[in-house]
Protein chains: 2
Amino acid sequence: MAVVSIGLKPALDRMAKDVDILFDTWLKVPGDSRAKLYEAMRHAAIGGGKRLRPMLIVAACEVFNVDRDSAMRAGFAVECIHVYSLIHDDLPCMDDDDLRRGKPTVHKAFDEATAVLAGDCLLALAFEILGEKATHADPFVRAELMAELARASGPAGMGGGQMMDLEAEHRELDLPAVTRLQQLKTGALIGFCLEAACIMARIPPEHRTHLRGYARDLGLAFQIADDLLDVEGDEENTGKRVGKDAEAGKATFVSLLGVDRARQQAEMLVDQAIDHLRDFGEEADMLRAIARFAIERTH
Amino acid sequence: MAVVSIGLKPALDRMAKDVDILFDTWLKVPGDSRAKLYEAMRHAAIGGGKRLRPMLIVAACEVFNVDRDSAMRAGFAVECIHVYSLIHDDLPCMDDDDLRRGKPTVHKAFDEATAVLAGDCLLALAFEILGEKATHADPFVRAELMAELARASGPAGMGGGQMMDLEAEHRELDLPAVTRLQQLKTGALIGFCLEAACIMARIPPEHRTHLRGYARDLGLAFQIADDLLDVEGDEENTGKRVGKDAEAGKATFVSLLGVDRARQQAEMLVDQAIDHLRDFGEEADMLRAIARFAIERTH
């Protein structure tokens with residue numbers, strides 16, 4: 001059953017359900033004093049978010065006929081990393097946000113210590129999921145997935161990007177600097193999604209160029225769309241506080257380019273991302289649809 | 001060159017140097033705005049700590065003739081996890097400590113946001129290290145090491161134990177409850193050290209019983225010694241604030257058993273740990289020496 005035949009919206013709806021089922025299964029609340037930790041992880045993880053990263057992995061796996069179970073488990077792992085990063089990003093010492101996906105953030109609904117631990121545990125959980133034999137029969141594939149996810153999340157990936165983002169409040173960043181920051185902060189994990197599909201499909205690194213190009217352009221387009229939403233969106237639609245970047249005096253694509261040029265830039269990046277897929281047929285239609293969806297949110 | 005022939009003290013000194021060299025190599029400060037993140041990780045990681053966990057892995061690998069390079073890399077990974085846990089434990093929202101290993105804690109020397117990120121990044125880094133081919137030629141071994149470390153650090157291991165520890169301030173724990181808490185909080189990572197050696201030596205799980213018994217008893221003995229130091233030690237010797245448990249009204253082995261019985265219990269556990277090694281010859285002498293060392297600190 002090809003996901004491509006059923007369109008992106010129903011595929012996203014199905015993904016939302018499947019990811020929630022996985023979180024519900026993995027985060028059964030134990031009958032001991034760890035209950036609060038699990039409740040906090042469930043609060044952050046279940047019933048929210050676009051699940052764009054798992055969707056990307058599943059769509060990229062469609063291209064190479066990787067089986068959906070493996071794709072879903074890799075997607076679930078990357079969503080654990082994404083949710084962990086949101087919990088820690090929202091902490092009072094970081095962005096200090098009270099609202100996320102229309103609900104109180106974890107440190108508001110619980111407390112700061114629990115929020116720190118819930119994030120830590122979701123980070124570890126991602127590797128636990130990937131490490132299980134059910135993710136992929138070949139241990140080489142499991143080892144490569146874990147190594148790649150570690151690089152994408154650590155100081156040379158998302159973690160490093162978050163540090164750059166914190167430091168951005170004290171510096172005047174130009175466009176290349178903002179681009180570099182976002183390539184780490186959001187781009188590394190989006191890059192992992194395509195890389196994971198290639199690893200599972202055993203595509204050798206020298207043949208991953210086009211999909212890496214797609215991931216790079218999509219990641220930036222997606223970030224510009226996020227910046228636009230922070231300027232033009234409202235709390236009700238986005239489920240989070242808006243206008244934060246301007247308030248913090250942070251340079252973003254929108255502050256540097258202005259709204260119109262930023263939107264043009266995002267559209268150009270989406271066209272470029274789709275162009276990277278020119279050698280593929282309709283098996284890559286879902287990846288094309290995701291690229292268009294990335295900026296649709298801002299219209 | 002057998003470590004067993006040169007005694008524990010010089011082996012620990014050598015380990016301290018080797019671990020510092022690895023941290024120095026992996027945490028080269030980049031010439032961009034991530035510099036502060038790397039400085040913070042270096043501050044926490046380099047030049048301190050007993051390096052007991054890497055020593056345990058190297059000693060257990062001696063038993064099975066696993067090569068020292070593989071043992072050191074696994075030991076380095078577990079030390080990354082240990083240091084990350086200390087950074088997050090010391091945060092104001094957790095134990096709120098200003099002093100660690102005789103130096104200001106990371107959130108004091110830098111700031112809270114940087115401390116959260118430095119911990120997160122060390123956690124990811126542990127998996128990056130294990131995932132590299134240099135850790136072990138066999139991808140099955142790499143995958144098993146990563147999966148095992150993820151279980152030991154996550155909600156069913158150290159992370160869950162830390163939650164229990166936070167909750168312990170609001171509850172009256174009895175001895176079985178404190179034992180269970182510590183088996184997760186400190187025991188899981190010590191258990192990983194022995195498990196990692198077995199994975200690298202390809203010892204099948206059904207033949208790991210004795211080493212798992214050793215790890216379990218050693219972990220508890222080590223924790224009792226830590227509790228005794230918190231009561232009897234001083235800031236100068238321990239490099240950290242003491243008397244914290246009593247201040248927080250937390251049940252510990254010492255508060256439940258009293259100092260004398262707690263020390264007897266630790267000694268009995270060390271004897272038991274060593275007894276688990278009875279089938280091994282002098283190749284396990286370093287593991288025996290580590291067990292004795294675990295409680296020597298309290299005399």
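Contact here means heavy atoms within 4.5 Å. With that in hand, let's look at this predicted model: 49 residues of chain A are in contact with 49 residues of chain B. Chain A can be laid on chain B with an RMSD of 0.0 Å, and the structure also holds five cavities of 30 Å³ or more.

**How the two copies sit together**

- To bring chain A onto chain B, you turn it by 180 degrees and shift it by 0.0 Å along the axis.
- The two copies are thus related as by a two-fold rotation axis.
- Both copies use the same surface, since 100% of the contact residues of chain A turn up again in chain B.
- Which residue of chain A comes closest to the rotation axis? That's A:Ala143, with its C-alpha at 2.3 Å.

**What the chains share between them**

- About 4200 Å² of area is buried between chain A and chain B, and carbon and sulfur atoms give 71% of it.
- On the chain A side, A:Ser33, A:Pro155 and A:Met163 supply 15% of the area buried against chain B, more than any other three residues.
- Six salt bridges are counted between chain A and chain B.
- In one salt bridge, the side chain of A:Glu167 meets that of B:Lys36, at 3.5 Å from N to O.

**The largest cavity**

- This one has about 130 Å³ of space in it.
- Its lining is made of 15 residues, and A:His43, A:Ala44, A:Arg100, A:Thr105 and A:Val106 are the ones nearest the centre.
- From chain A, α2 (35–45), α4 (68–89) and β2 (103–104) each supply at least two lining residues.
- The largest share of that lining comes from α4(A), which gives three residues.
- Sorted by class, the lining has seven nonpolar, four polar and four charged residues.

**The second largest cavity**

- Here you'll find about 100 Å³ of space.
- Among the residues lining this second largest cavity are B:His43, B:Ala44, B:Arg100, B:Thr105 and B:Val106.
- Others in the lining include B:Val83, B:Leu86, B:Ile87 and B:Asp90.
- In chain B, at least two lining residues each come from α2 (35–45), α4 (68–89) and β2 (103–104).
- What gives the most to this lining? It's α4(B), with three residues.
- The classes come out as six nonpolar, two polar and four charged residues for the second largest cavity.

Technical notes. Residues numbered from 1 in each chain as written. Chains lettered and ligands numbered in written order. Predicted model: local features only at pLDDT ≥ 70, side-chain atom pairs only at ≥ 80, totals over all residues. Heavy atoms only, no water. Least-squares fit on C-alpha atoms with pLDDT ≥ 70 in both. 1 Å grid on protein atoms, 1.4 Å probe; cavity = no way out; pocket = protein on both sides within 12 Å on 5 of 7 lines; lining within 4 Å. Points joined across faces, edges and corners; volume = space filled by probe spheres on them. Helix = DSSP H or I, 4+ residues; strand = E, 2+ residues; numbered from the N terminus. Nonpolar A, V, L, I, M, F, W, Y, C, P; charged D, E, K, R; others polar. Buried area = accessible area lost by both parts, 1.4 Å probe. Salt bridge = Lys/Arg side-chain N within 4 Å of Asp/Glu carboxyl O.
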